[in-house]
Amino acid sequence: MGDMSKPTSIKTSEEVRDRLRVLAEERGTTITELLEELASRELTEAEREQRAAEAARELGIQYTEQVQQAGQDAWAKIRAHQGGAAA
């Protein structure tokens with residue numbers, strides 16, 4: 001990202017702010033750049049659905065509600081095995 005858009009504030013606890021500061025320092029970056037990287041890396045639900053439909057099309061599979069539900073169930077199981085971390 002790193003564009004020249006107008007800066008804004010995000011309210012959070014001191015604990016979260018301090019953790020973000022440590023994570024940024026360990027990576028040799030700033031909290032702002034760390035958050036930009038996170039925001040650009042994570043997909044929205046709409047983006048995930050679009051990618052799933054594209055993947056199904058590439059595999060020659062019709063992206064039906066049943067295929068969509070099977071995919072969501074699979075990701076839910078993956079997240080459960082990761083201790084609830086986003087997949």
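This is a predicted model: local features need pLDDT of at least 70, side-chain atom pairs count only at pLDDT 80 or more; totals for chains, interfaces and linings use all residues.
Residues are numbered from 1 along each chain as its sequence is written. Local features need pLDDT of at least 70 and side-chain atom pairs count only at pLDDT 80 or more, while totals for chains, interfaces and linings use all residues; side-chain values use heavy atoms, without hydrogens and water.

Helices are DSSP runs (H or I, at least four residues), numbered from the N terminus. Helix α1 (residues 14–26) packs against helix α2 (residues 31–41) at an angle of about 90 degrees, and their axes lie 9 Å apart. Axes are lines fitted to C-alpha atoms over the stretch in contact, and angles run from 0 to 180 degrees between N-to-C directions. The two helices α1 and α2 are therefore roughly perpendicular (65 to 115 degrees). In contact (heavy atoms within 4.5 Å) are Arg17, Leu20, Arg21, Leu23 and Ala24 of α1 with Ile31, Leu34 and Leu35 of α2.

Helix α4 (residues 65–81) has 17 residues and should span 24 Å at 1.5 Å a residue, which agrees with the 24 Å between its end C-alpha atoms. The expected span is 1.5 Å times one less than the number of residues. Just after α4, Gly83 has a positive phi of about 75 degrees.

The largest pocket is lined by 21 residues, and Arg48, Glu49, Gly71, Trp75 and Arg79 lie nearest its centre. A pocket is an open set of points on a 1 Å grid over the protein atoms alone where a 1.4 Å probe fits, with protein on both sides within 12 Å along at least five of seven lines; lining residues have an atom within 4 Å of a point. Helix α3 (45–58) and α4 each supply at least two lining residues, and α3 gives the most, with seven.

Notes
Angles under 35 degrees count as roughly parallel, over 145 as roughly antiparallel, 65 to 115 as roughly perpendicular and the rest as oblique.
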